[in-house]
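Here is a short walk through a protein model. Keep the view open and follow along.

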Amino acid sequence: MQLLVSSSPHVREPDTIRGIMWQVVIALLPAVAMSLYFFDLAALKVYAISIAAAEAAELVCLKMRGRPLAHAADGSAFITGLLLAMVLPPGAAWYVPLVGGVFAIAVAKHAFGGLGNNIWNPALAARIFLQFAYPVQISLSRWPAPRVLWGAAHDVVTAASPLAKEGAAAPLSYLDLLLGNGVPGCIGETCKVALIVGGVFLIARSIVDWRIPLFYIGTAFVLTWLLPTGAHARAWSADPVYHVLAGGLMIGAFFMATDMVTTPVTRRGRIIFAVGCGLIVSLIRRYGGYPEGVAYSIVLMNTCTPLIDRWVRPRIYGSTTPKPVPREA
Amino acid sequence: MATDVETLTFRQGGVHPAEHKERTSGLPLEVSEPPAEVAVLMVQHIGAPASPAVKKGDRVSKGQLVGEAQGYISAGVHAPVSGTVKAVEPRIYNVTGARVPAVVIENDGEERWQEGLNQPRDAERMDASHMVEAVQECGVVGLGGATFPAHVKLNPPADTTITDAFVNGTECEPYVTVDHRLMLERTEDVIDGLRLIMRMVGAPNGWVGIEMNKPDAVEAFGRALADEPAIRVVPLEVRYPQGAEQQLITAVTGREVPSQGGLPLDVGCVVHNVATTLAVREAVRLRRPLIERPLTVTGDGMERAGNFVERIGANLGDIIRRQGVREGTNQIILGGPMMGIAQGTSEVPLVKGNNCIVLRRGAVVPPQRHCIRCGRCVDHCPLGLMPGEISIACEERDWDAAVELGMLECKECGCCAYVCPAKRRIVHLIKFGKSELRRRRAQRKEGG
């Protein structure tokens, strides 16, 4: 009898990395479906190029690093490509998602050691890279207007975001913002209802820690409400509901700030992380020159994650201090 | 009935793996035929190994001391059968896989007890120290798996006060059902054993902690203890590793055993599992050495599962062949699947700590990926450690970091690796780290 000698525990829960990753993809599908309605073939093109670029870069990097190519099917690169497309403008030229997908996987992920070792959320790191590489494409271009669910269509071209500090932003009701009806913005960020549905699914599946979206959005809500506004503030500037419903906060809080690899491993650490994200995004929106700030807030807090994990540790059973054993000299 | 009982549990972490107990929990304990030959290892427990007290050719009686305890944290080993010593030679210790000295006895089939053993005596007239001596003399060790010599626990230092004595009836490892059977079949004896333990340690309170997947045992103790105000049965939520002393104490009393080597007695508690409580009772009341133990034999590779009383030193291979090994069996685990040891061969002698044999078919080790920092190991660690980080420190051989992260607190319960979606061998790495650290410290000491 050939015996298998393994180390305990000899039984494992069925969850795998692959299972978790594809469940995240499933959770994004409602928002993807809505974006295809709003932005049509323009969005489809960005999705296809971004995902293809990410998966191709994944295969090449795995090959170069001598890792099993089967890892390219674990869903992690697919999610990166998908999420990157969702935070790009619907009218982006073909090379924008292409460069972004490759940068996300090759630079932000594999250059740091691959899945599990990357410091920054790869999709957001690529988004920020593209911001600098193609400022006109990302920030200043006049983006195609979305198809509406009801009511009159807006201009063919409109401002980049309902949070834009200049230009004639269309008047948007809370309901419009919630559903994404006629809301300009990045491909996958406009339909908040779809994003919330996906986020709640992931929370129910224990893949997302509810603390992160709650404390991120909660902090942003409180601070955009309380922080004093400048002299030239726009009408919605001090309206916390508007801040929560407009722009990338929702997709960031549910799907980007909850990326396991780049966020703290402890519950308390995740609360600190999320509050930090909320603080940074509020400061940028209120006092910065940039209307959004979600990507920067998350990537900055990603950078702080190793420090948070070092300082915020669970209390060890039976001890009164979190660090019971002194380091040996 | 069972569901509306209010249950207690420990505060943090834990998991609930599939129980697999239904196959054997209804099967009464059967006493197996004594084997023709036993190999009694001189290493049976935590602490110093025993030293052989007999030599080749000696005739021994059942219950006769064949291995002498060395020091206080050690326990004697006794002949499980009467017969002739065939050899004193190395055999495999199924906990570590190392070969250790063993006394091999050929059974003469006479079942002849040594003079003075296995005789009822009046325990009511024995004082505490006399009773502890009896436990020590009979080689009783913890039978839940950790095998700590029982007399040490029963003889707390003079400056400590023990308030609570526990029977640990949690049996939280999947598959194992012997304690469940003992609690049903020998309820009164278990309570009697607990009373003796309470007398030995001077504890006014007695507790019987039972997880609610054994509602019949909770009921049996509830009935038996109806007129016994000092002893209470505590229904517990089904949650692994509730059978660990620390978790049981916290679940019942809310107290926490201090970290950095603290013991249950530091918080006034003494815990013994069900089989140990019975062995203590038999040592005191009957002067019967620990020469047999109950164990569950089960798993999808086992043709006829059951609960059996087997002699110490019986050959594992003989037991599983007797019960029938199914085609495709490729793993033998001694103990439960969370903390048990997978064997490299079926030909190993049983030791006092073996409570279960699980035969598995088609067992595989899932491929391991890099940690994705999901934090599930942190959320499920009952001790509040960061197991993933410790395992990474061990991989990098950064022993200072591993120790600082609390590696030495880890009890290797396996919750972390159980929930890990990357299928990392976290416990394996921590075991490796601990042994490596021990080796290095020993080396440093030797080097002066």
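Two strands count as paired if DSSP finds at least two bridges between them. The model is predicted, and this pairing rule applies to chain B. There, strand β7 (residues 83-92) and β8(B) run antiparallel, joined by nine bridges. B:Gly83 stands opposite B:Asn107 in β8(B). The two strands, β7(B) and β8(B), form a hairpin. Six residues lie between them. In the turn, B:Gly97 has a positive phi of about 85°.

Strand β8(B) has another partner. Five bridges link β8 (residues 99-107) of chain B to strand β2 (residues 37-41) of chain B. This pairing is antiparallel too. Within it, B:Ala39 stands opposite B:Val104.

Turn now to chain A. It is divided into domain 1 (17-145) and domain 2 (208-312). Taken over C-alpha atoms, the centres of these domains of chain A are 22 Å apart. Their contact takes 15 residues from domain 1 of chain A and twelve residues from domain 2 of chain A. On the domain 1 side, α2 (76-86) and α4 (122-133) of chain A each supply at least two residues. The largest share of that side, five residues, comes from α4(A). By class, the domain 1 side has eleven nonpolar residues, three polar and one charged.

Last comes the interface between the chains. Here 37 residues of chain A are in contact with 55 residues of chain B. What classes make up the side of chain A that touches chain B? That side has 17 nonpolar, twelve polar and eight charged residues.

Notes: Residues numbered from 1 in each chain as written. Chains lettered and ligands numbered in written order. Predicted model: local features only at pLDDT ≥ 70, side-chain atom pairs only at ≥ 80, totals over all residues. Contact = placed C-beta atoms within 7 Å. Nonpolar A, V, L, I, M, F, W, Y, C, P; charged D, E, K, R; others polar. Domains from an automatic or database assignment. Helix = DSSP H or I, 4+ residues; strand = E, 2+ residues; numbered from the N terminus.
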